[in-house]
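Hi there,

Here is the structure I promised to pass on to you. Have a look at it first, and then read on for what turned up.

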Amino acid sequence: QVQLVESGGGLVQAGGSLRLSCAASGVIFRINYMGWYRQAPGKQRELVAAITSGDSTNYTDSVKGRFTISRDGAKNTVYLQMNSLKPEDTGVYYCNAGVVTTMLRRLVYWGQGTQVTVSS
């Protein structure tokens with residue numbers, strides 16, 4: 001199995017910053033991509049940002065210029081630096097990874113989620 005453990009959520013005022021981390025561990029042969037999704041109350045889960053093993057990145061329009069995704073391949077860890085936070089960034093943030101396991105199976109894994117609350 002593969003586990004994704006997130007950290008770094010919390011409560012912050014509008015305009016503030018937070019840094020999320022997600023560490024993957026377990027039967028990992030290769031990680032093809034990692035990303036962050038968020039789900040606000042009453043809304044569908046949406047992709048926030050993703051990064052591939054080749055360091056290509058993708059962001060949803062609402063966070064471009066404010067959020068930065070990065071990774072440490074040696075640690076199987078992905079980070080999301082969130083600056084200039086807005087109340088609409090509030091939600092549960094989930095880490096996501098596309099993994100090739102040691103049994104060469106391609107699977108997608110999710111973290112348990114971390115709450116981000118931005119007060120106005």
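Where is the place of serine 84? Serine 84 sits in the loop between β8 (77–82) and β9 (91–101), where strands (E, at least two residues) are DSSP runs numbered from the N terminus. Before going further, please keep in mind that this is a predicted model, in which local features need pLDDT of at least 70, side-chain atom pairs count only at pLDDT 80 or more, and totals for chains, interfaces and linings use all residues. Residues are numbered from 1 along each chain as its sequence is written, and side-chain values use heavy atoms, with hydrogens and water left out.

Most residues other than glycine have a negative phi. Serine 84, however, has a positive phi, near 50°, and leucine 104 has one near 65°. Leucine 104 lies in the loop between β9 and β10 (106–110).

How accessible are they? Serine 84 is partly exposed because its relative accessibility is 40%, whereas leucine 104 counts as exposed because its value is 60%. Here buried means under 20% relative accessible area, exposed over 50%, and partly exposed in between (1.4 Å probe, protein chains only).

Now look at valine 118, in strand β11 (residues 114–119). With a relative accessible area of 6%, valine 118 is buried. Leaving aside neighbours within four places in sequence, its contacts (heavy atoms within 4.5 Å) include Val12, Ala14, Leu85 and Pro87. Valine 118 and glycine 10 are 108 residues apart in sequence, and their C-alpha atoms are 8.5 Å apart in space.

Happy exploring!

Note on methods:
Helix = DSSP H or I, 4+ residues; strand = E, 2+ residues; numbered from the N terminus.
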